Every structure is written in C-alpha cells, then in structure tokens.
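Visitor: I would like to go through a structure with you. Could we start once it is on the screen?

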Amino acid sequence: MNIQKLMKQAQQMQAGMAAAQEELAKRTVDATVGGGKVTVVATCAGDVVSIKIDKSVVDPEDVDFLQDLVLKGVQEAVNKGKEVAATEMKKLTGGMGLPF
C-alpha cells in the first residue's frame with residue numbers, strides 16, 4: 001500500500017467535499033404546504049432564504065393554523081435540503097459512510 005498515494009487521494013476527496021459543501025450552501029430547494037398557501041425556500045445547508053404566505057391564510061382568529069403551516073414548510077424545506085446534500089456527498093465519498 002502506497003501511503004503517499006492514499007494521502008493524495010484523501011486530500012483530493014477533501015477538496016472535492018469542500019467545493020460540494022460550498023455549492024450546496026448556494027443551492028436552494030423549496031417546499032409548499034397547505035395546498036400552496038405557504039412556500040419556504042431553503043439552502044441545502046439548512047438556511048431558510050424566504051417564506052411566502054398567501055393572504056388567505058392570515059386569520060387573526062386562527063394564528064395557530066398559520067404557525068403550524070409555516071413550521072411544517074420550514075421543516076420540509078430543510079429536510080429536502082438535507083436529502084440533496086446527503087445524495088451529493090454520497091456521490092463524492094462513494095458511499096463510504098464518511099461524516100460531512
């Protein structure tokens with residue numbers, strides 16, 4: 001086993017993972033809940049970028065419903081982003097099960 005070759009491969013993989021993480025931090029996914037009433041956009045790094053709420057669900061008498069919709073939308077968008085990130089990292093690591 002050539003340790004230098006192995007170290008070079010590890011460095012290349014590390015550089016590839018860093019580049020992928022940078023790209024994923026810019027890449028966005030969106031989730032729509034409540035029949036299209038709430039849309040959340042998040043990066044694949046888990047940062048929420050925007051939330052759009054249809055005026056028809058803004059009811060001062062039922063704030064709980066709106067809160068639930070927003071929470072569900074955020075959770076769904078973040079989960080989608082995590083799934084995309086995991087898929088992209090798995091491509092780089094060849095399914096080696098490395099943490100990212």
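This is a predicted model: local features need pLDDT of at least 70, side-chain atom pairs count only at pLDDT 80 or more; totals for chains, interfaces and linings use all residues.

Visitor: Where does Thr-43 lie?

Guide: Thr-43 belongs to strand β2, residues 38-43; strands are DSSP runs of E with at least two residues, and helices are runs of H or I with at least four, numbered from the N terminus.

Visitor: Is Thr-43 buried or exposed?

Guide: Thr-43 is buried, with a relative accessible area of 7% (buried means under 20%, exposed over 50%, partly exposed in between, with a 1.4 Å probe and protein chains only).

Visitor: And which residues is it in contact with, neighbours within four places aside?

Guide: Thr-43 is in contact (heavy atoms within 4.5 Å) with Leu-24, Ala-25, Arg-27, Thr-28, Val-49 and Gly-81.

Visitor: In which sense do β2 and β3 pair?

Guide: They pair in the antiparallel sense over 5 bridges, β3 being residues 48-53; pairing requires at least two DSSP bridges between two strands. Val-38 stands opposite Ile-53 in β3.

Visitor: Changing topic, which residues of α1 are buried?

Guide: Met-17, Ala-20 and Leu-24 are buried in α1. The buried residues of α1 pack against β2 and α2 (63-93).

How values were computed:
Residues are numbered from 1 along each chain as its sequence is written. Side-chain values use heavy atoms; hydrogens and water are left out.
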